[in-house]
Amino acid sequence: MPAQASDQALLDRALDSARAQFDQAQPQLEATVFGVDIAAYGKALALQAFTGGAWDGSVRVALTIRKEATGSCADFAAFVRMPPEDGVVPLVLCPQFFAPGADRLRALTILHEMVHAVAGRDECQAMAFAARIEMLASGHFTPVDAYWRANQCAQSRYALP
Ligand SMILES: [Zn+2]
């Protein structure tokens with residue numbers, strides 16, 4: 001189906017962009033950034049099995065494209081189902097993820113959700129980490145002020161660039 005093919009193409013492009021940003025940032029990253037193990041994160045982003053995240057044993061991310069905006073897809077562009085089961089942590093891409101335009105937002109979503117896949121549920125951690133990657137890769141980061149406030153991240157141990 002053409003729609004399916006184009007969704008896959010958009011996802012591949014977002015993954016490529018997220019990986020490129022991470023590769024650019026990586027020389028300036030310490031082994032752990034905001035509590036995220038960088039080696040594990042790099043493997044997760046490459047869809048390879050990783051250890052050293054929040055989970056026991058070896059885990060890999062499985063991407064799933066969902067066609068219906070129901071359940072968690074009614075509220076989110078993407079989400080990670082955690083904890084992993086049988087060594088697999090699903091990253092579900094919802095219809096909103098594939099909305100026209102928003103290429104940069106798609107890449108940011110991948111950077112953000114991969115933090116959840118590796119390190120768990122903390123929204124402030126995921127936002128701070130993704131913003132750090134964007135900043136190191138391009139010199140600026142996508143504003144997330146409303147979401148930062150909504151999650152009361154000013155009181156967290158994390159910070160935006
Ligand atoms: Zn999140």
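Visitor: What percentage of the 161 residues of the protein count as buried?
Guide: First, this is a predicted model, in which local features need pLDDT of at least 70 and side-chain atom pairs count only at pLDDT 80 or more, while totals for chains, interfaces and linings use all residues. Residues are numbered from 1 along each chain as its sequence is written. A residue is buried if 20 or more other C-beta atoms, placed from the backbone, lie within 10 Å of its own, exposed if 12 or fewer, and partly exposed in between. Of the 161 residues, the share that counts as buried is 37%.

Visitor: What radius of gyration does the protein have?
Guide: The radius is taken over C-alpha atoms, and the globule rule is 2.2 Å times the number of residues to the power 0.38. For 161 residues, a compact globule would come out near 15 Å. The protein agrees with that, at 15 Å.

Visitor: Which pattern does the protein follow along the sequence?
Guide: Helices (H or I, at least four residues) and strands (E, at least two) are DSSP runs, numbered from the N terminus. The protein has 5 helices and 5 strands. Read along the sequence, they give α-β-β-α-β-β-β-α-α-α.

Visitor: Which residues have the most contacts inside the largest nonpolar core?
Guide: A nonpolar core is a set of buried Ala, Val, Leu, Ile, Met, Phe, Trp, Tyr and Cys residues joined through C-beta atoms within 7 Å. The largest one here has 46 residues, and those with the most contacts inside it are A44, M114, V118, M127 and A130. Among the elements that give two or more residues to this core are helix 2 (38-45), helix 3 (103-119) and helix 4 (123-138).

Visitor: Which residues is V118 in contact with, leaving aside neighbours within four places in sequence?
Guide: Two residues are in contact if their C-beta atoms, placed from the backbone, lie within 7 Å. In helix 2, A40, Y41, K43, A44 and L45 are buried, and some of these names return here. V118 is in contact with V36, D37, A40, Y41, A44, F50, G53 and A54.

Visitor: Why is one side of strand 3 and of strand 4 left without a neighbour in the sheet?
Guide: Two strands pair if DSSP finds at least two bridges between them. The open sheet has 3 strands in the order 3-5-4, with mixed pairing. Strand 3 (60-65) and strand 4 stand at the edges, so each has a single partner strand.

Visitor: In which sense do strand 3 and strand 5 pair?
Guide: V61 stands opposite V89 in strand 5. Strand 3 and strand 5 pair over 6 bridges, and the sense is parallel.

Visitor: What angle does the direction of helix 3 make with that of strand 4?
Guide: Axes are lines fitted to C-alpha atoms, for helices over the stretch in contact, and angles run from 0 to 180 degrees between N-to-C directions. Helix 3 packs on the sheet, touching strand 3, strand 4 and strand 5. With strand 4, its direction makes about 15°.

Visitor: Which peptide bond is cis?
Guide: Look in the loop between strand 4 and strand 5, where P83 is found. With omega near 0°, the cis bond runs from M82 to P83.

Visitor: Is L47 buried, exposed or partly exposed?
Guide: L47 lies in the loop between helix 2 and strand 3, and its phi is near 60°, a positive value in a residue other than glycine. With 15 other C-beta atoms within 10 Å, L47 is partly exposed.
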